[in-house]
Amino acid sequence: MDFSLTEEQTAIFDMAYAFGQEHIAPNAQAWEKAETIPKELWPQIGELGFGGLYVSEDAGGSGLSRLDATLVFEALSMACPSVAAFLSIHNMCAKMLDSFASDELKARIMGDVLSMNTVLSYCLTEPGSGSDAAALKTRAERTNEGYSINGTKAFISGGGYSDAYVCMVRTGDSGAGGVSTVYVEDGTAGLSFGGLEDKMGWRSQPTSQVQFDDCNIPAGNLVGDEGQGFKYAMKGLDGGRLNISACSLGAAQSALTKTLEYMGERQAFGQPIDQFQGLQFRLADMEIELSAARVFLRQAAWKLDTGAPDATKYCAMAKKFVTEAGSRVVDQCLQLHGGYGYLADYGIEKLVRDLRVHQILEGTNEIMRVIVARDMLKNR
């Protein structure tokens, strides 16, 4: 069993890390205060091939494995998990389109999607359906030209900011079998947005409701087949869970690195605080927890890449374990910074706030436990 990264994987990580440290990290706090990410950043990321990380090379993407992609998100999150997580959402949408959209739709949109001149948002959650996503009510009725959409999506990263929205809508009866996926471009008549949500973390990501009022789209904007949209949405979530775990891992590693540096400089009782054994034990515990989380995440990614029958279970387990480990570590890093950790200048309190939502999105960690338990009961 080989736990080492290949030269190519190391190069991928290093490229993402260098870009993040140069272009994202120096601006992360300013973008948080502005509550937006400059749109000109995304084509720069697209030039690295990060706009279609696991879109096939034949289609113009990078053709990376899911394990490779976790390295990108881990590295970028060392600069800012909010920016990295938004890129994960775009990539989840890009993969859905590459896998299921018609050749005609892909020919029209994928060039700009991959270059990130078109930034994508994922619209599944509604005000009354979160964990029970199959209960969504936004409806798309057939018209002579295509579909007329009515309903509301909630908590949408990029609402009012993105260039297009990959939306799960109801075209049939209740339940998962009545859900389809459609592509709605910004500027479409009947598409509007709620006010910006005032959030605890991920504040650089504009987040709002996405509203449809007789929003008419052409028939060609249906992604794949009617009634298959819920399956498409769920297929994307295994990889999304790995990515958000990688975002927790990278941010927590960054916090631990900053804490090590701080503890070597901070004096108390005549010596650096990293010389107190009780605090050394805390450092050791965090290092152990992050190392375990990294191995667990990469095992789950390997299972997804190889099509292992228990890949979904392992993605759920990794998401639960890694996101909770990341939050514990950044909280401890804040504690070890003392009062300074509570100040925005040190960047630790931002990570505490940013990482908290990772236990909620891409399926709550309670739902991750349900997935694992059901698999256990099914296979006993």
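Guide: Let us begin with burial: a residue is buried under 20% relative accessible area, exposed over 50%, and partly exposed in between, with a 1.4 Å probe and protein chains only. This is a predicted model, in which local features need pLDDT of at least 70 and side-chain atom pairs count only at pLDDT 80 or more, while totals for chains, interfaces and linings use all residues. Residues are numbered from 1 along each chain as its sequence is written, and side-chain values use heavy atoms, with hydrogens and water left out.

Visitor: Why does Arg294 count as buried?

Guide: Arg294 has 17% relative accessibility, and the limit for buried is under 20%, so Arg294 counts as buried. Arg294 lies in helix H8 (residues 277-306), where helices are DSSP runs of H or I with at least four residues, and strands are runs of E with at least two, numbered from the N terminus. Not counting residues up to four places away in sequence, Arg294 touches Glu74, Leu249 and Gln253, contact being heavy atoms within 4.5 Å.

Visitor: Why is Tyr340 called partly exposed?

Guide: The relative accessibility of Tyr340 is 36%, which falls between the 20% and 50% limits, so Tyr340 counts as partly exposed. Tyr340 is found in the loop between helix H9 (311-336) and helix H10 (348-356).

Visitor: What makes Glu32 and Arg353 a salt bridge?

Guide: A salt bridge needs a side-chain nitrogen of Lys or Arg within 4 Å of a carboxyl oxygen of Asp or Glu, and the closest N and O atoms of Glu32 and Arg353 are 2.9 Å apart, so the pair meets the definition. Because Glu32 lies in helix H2 (residues 28-34) and Arg353 in helix H10, the pair ties together parts that are 321 residues apart in sequence. Both Glu32 and Arg353 are buried.

Visitor: How do you know that Glu185 and Arg108 form a salt bridge?

Guide: Their closest N and O atoms are 3.1 Å apart, and the limit is within 4 Å. Glu185 lies in strand S5 (residues 179-185) and Arg108 in helix H6 (residues 103-115), so this pair ties together parts that are 77 residues apart in sequence. At 28% relative accessibility, Glu185 counts as partly exposed, and Arg108, at 44%, counts as partly exposed too.

Visitor: How many salt bridges does the structure hold?

Guide: The structure holds 18 salt bridges.
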